[in-house]
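Q: I am new to this one, and I would like to talk it through slowly. Could we look at it together?

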Amino acid sequence: MGTLPEPFLSWFAAQGWAPRPHQLAVLAAARAGESVLLIAPTGGGKTLAGFLPSLVDLAERPRAGMHTLYVSPLKALAADIARNLMRPVGDMCLPITIATRSGDTKTDERRQQREQPPNFLLTTPESLSLLISLPEADKMFGSLAAIIVDEVHALAGTKRGDQLALCLARLGALAPGARRVGLSATVAHRVPLQAYVSPSGQADGVRVIEVTGGAPPDIEMILPVGRLPWSGHMGLSAAPEILARIRAAGMTIVFVNTRAQAELLFQELWKINTDTLPIAIHHGSLELEQRKRVESAMADGKLRAVVATSSLDLGIDWGGVDQVLQVGAPKGVSRLLQRVGRSNHRMDEPSKAILVPANRFEVLECEAAILGVAARELDGDPPRPGGLDVLAQHILGVACSAPFLPDDMFAEVRRAAPYADLTRDNFDDALRFVEDGGYALSAYERYRKLFRDSEGRVHVRSDRVARQHRMNIGTIVEEPLLKVRLAGRGGGALGEVEEYFANMLSPGDTFMFAGRLLKFLRIRETTLEAAEGGDGEPAVPAYAGGRMPLTTNLADRVRTMLQDSSTWSAFPDSVQEWLATQRKVSRMPGRDDLLVETFPRGDRFFLVAYCFEGRNAHQTLGLLLTRRMQRYGMQPLGFVATDYVLATWSADEPTDVARLFEQDILGDDLEAWMAESSMLRRTFRNVAVIAGLIERQHPGVVKTKRQVTVNSDLIYDVLRRHQPDHLLLRATRADAAGGLTDVGRIAGMLARIHGRVRHMVLSRVSPLAVPVLLEVGRESVRNQGGDDLLLEEAELVAEALGEAEPPPFRPREPPRLRTRSIGTHGQGRLFG
Amino acid sequence: MTPAPVHLAGERLMLDPDGALFWPAQKLLAVADLHFEKGSAAAVQGSLLPPWDTRATLDRLAALLRRYKPETVVALGDSFHDARGALRLHPHDLARLNLFAGAHRFVWVLGNHDPEPQGLAGEAVEEWRLGPLRFVHQTRPGPTVGEICGHHHPKAHVQTRAATVSRPCFVLDAKRLMLPALGAYTGGLDVRDPAIGNLFPRGGRVFLLGKDRLFSFAYQPIRTRQPAPPA
């Protein structure tokens, strides 16, 4: 395996370190010119292993020009690693220049990087795409010897990952000799990651170096004292136990699942934090400055706890975290392991984690996750093929840099693993889309963005097109956001909320944000102004797509546990009793069947299907199912979805239930659903922005071009009608298989349970159905058609004002509704 | 498809869920803000939006003409998205539009976007009066009676149990009726915006467009933005 050359050996010794075997292995592979996928848990000296060969090479043979490119999904990580590299470079006086490049890099720095590229450039996928689109790209990257991709597992299979893979393929053409190093956490699917790192897009030719071992984590579950909640996902009732655990340890990260949950739990903890322990909050919508303050307070050991969302999942090594709490469902084994790994970054000692389930089902899920971690059964689906929208963006970017021949570009793109199976037809369609929109009606001959010269090379038409493209780079599309600012003198920015949330507020309303209670004052252009204080029940901003669905793997484990009563002894008494009663009055959901219960309640009939396919899939299935019930005359009235079950309610009794779950539901009703689903419309918008059809709305920029911008919903309707097989609609359908709509998971389930629907006709609600029934009226049903909701709203308002008689079917419980007239000097809420 | 009857200046008018107004007594159909060729206008700017918006808008108009068989059709201005819009019309769409304009009496009320429609049948006017009603592109704050207008593309948000639903809408008070935009690519302005609120100082009703019917809600506007606190 060899050893380190001088002066590195002495430097390691001076730090009190010995080179780790995997660091030497990566060095040896680099000397042989091989590409490497290094799989290691956090705290294994992974990043240094990635850079060591480059440091050694430049120490032995100093030279100008870019030598190593490092790409990380997190801007902050790139900056942090640049700082960490300065130390060995400084200590050993190595002739190496290091720079970072991100959206924050100043103009003169950018120019300098173009004119005199640093030896090491640390950047993000977005900034790399921008550099690739510059005319100087070949000069900048031509000298590359190594490319390091950090957190490969977090990138592969995402659109950012697609974008990066395409950029790597481009670099493969600009610098054919550059070897690659992929750094990854342990994953379920290793071969696709090898292919992702590989210069050929194929898994062979990439050596895997894996660091195994490390002490298994120490995970326990705690329950709130007293009654175990039937429903709810916030886990607020466990606040006293959470605070006690914080008090007992040095530094704790309290992970939660949504930003709304972070705000609520943070408030709940501070209500009882009589010792005023320093507890902070951290999530992705908070102002960058606020987040940085929290992060540096953590690093300095000034905090006892941080309530955080996935904003702290990845990235910088915080060092002194003693324990991790996960409040609410863990959702997946890999995700839990990632979070648990945030505590105690020393490999030889076990990480310590505590799970705090928020309801009964989550007790099952937590237990399943603990078993999954013990079995090291990682979850996650293999990465899906690359998106055509990302491909379109990339093609334009390359054209902005230099002209290309379509044949060459096709071959190059197929060397990116996500596009290894791309067909020539799809490539040509993507190229045509960039060229003139790719419409069946050739109306835009005159407005082409690309032109071909006599040798068939593709050029970008004008500098303006290139400028427009560079403004639109990236694959993360945010909902329209408003900055939240405290009104008055010195009122600082607190962060951002989605526009639709701001639209729900009236002046004087209270809402919770950035760990404060705020009073809504007004909206000014793109800013929401608020004041401290405020009273009454606060609203909490929710963010689109904020919730991760339960993974297939964890759902399997939960189903298995439900089936096998010998495992129940691990559960608290109240859970055991709950399950035992379920078995007595109905039956347990099986591993490969689908339990469906129907029962009357009030004057409606409920249907509860125990699908265990995650919220997103259930939301989609709920819409398809209620359409079908409508067709069969069952008069469906609504549905609600949780991670575990789907419940519908209808005026008529659902019969012949197996027929409702036939596989053809995805054929018959899917097209109609495509027309209506708000989730799919959002998916289309993202696709259209990424592909460059709709210009990105830059945060903080006032919409001055109101006349030019066109709502993506309107484009979707027109395109669907006139060219249903357009590239962007195909990309939208491909996205619908996963993500917010998860059609793929529904298809899998319907195939699995075909002929195995177990229908229990009950006279009353079953114990297992109680949690979902408690969600009725509380959960938002964003996928539902707007017309039904408007009708319900209009009728309720009319009824309350004495303008109309109540309809024949009325729920027995008063509906939990907040309704108001249009306009903001409302006549107020009709229902509490 | 259920239109909603309303009264303005003593006349009985029907609001159609597709966003048009029909006046039975005069067999008159009014539509607002067609914004033909908005797609190609964006293409000129570098956004290659799907080019069928004019066709889609014409389809909507055709359905309305079939439904009401009007003698007169009044387009309340901004019929083309920009001054050169009419020149970019696809020959097929132009022929269809002229077919409509030949079968009905077409009145093009001129808006802020359009010049005199070139090569189109029908008459162009600054405003159109019939009986007690006045058809204009853009209404102004202040006293008026029986005014039918477009221009603002009104849209309303209703917060329901499950989601905030946002739809184009009619806005009505005792004096004015504002029509939603009919163009396939026309977005909307929130009725809570003072630009609309100042025109309906005493509030009124909004009628949100649905698939087969309208949904009516009380409308209480904000008239001007609240003054900022002293800085």
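The chat below takes up confidence, a helix pair and cysteines.

A: This is a predicted model, in which local features need pLDDT of at least 70 and side-chain atom pairs count only at pLDDT 80 or more, while totals for chains, interfaces and linings use all residues. Residues are numbered from 1 along each chain as its sequence is written, and side-chain values use heavy atoms, with hydrogens and water left out.

Q: What pLDDT does chain A average?
A: Chain A averages 85, and 89% of its residues score at least 70, where pLDDT is the predictor's confidence in each residue, from 0 to 100.

Q: New topic: at what angle do α23 and α30 of chain A cross?
A: The axes of α23(A), residues 615-631, and α30(A), residues 743-752, cross at roughly 75° and come within 8 Å. The two helices are therefore roughly perpendicular, a term for angles of 65 to 115 degrees.

Q: Which residues make the contact?
A: With contact meaning heavy atoms within 4.5 Å, Ala617(A), Thr620(A) and Leu621(A) of α23(A) meet Val743(A), Arg745(A), Ile746(A) and Met749(A) of α30(A).

Q: And how many disulfides does the structure hold?
A: Over all chains there are 0 disulfides, each being a pair of cysteine sulfur atoms within 2.5 Å.

Q: Is Cys93(A) buried or exposed?
A: Cys93(A) is exposed (over 50% relative accessible area, with a 1.4 Å probe and protein chains only), at 65%, whereas Cys169(B) is buried at 0%, buried meaning under 20%.

How values were computed: Chains lettered and ligands numbered in written order. Axes fitted to C-alpha atoms, helices over the stretch in contact; angles between N-to-C directions. Helix = DSSP H or I, 4+ residues; strand = E, 2+ residues; numbered from the N terminus. Parallel < 35°, antiparallel > 145°, perpendicular 65-115°, else oblique.
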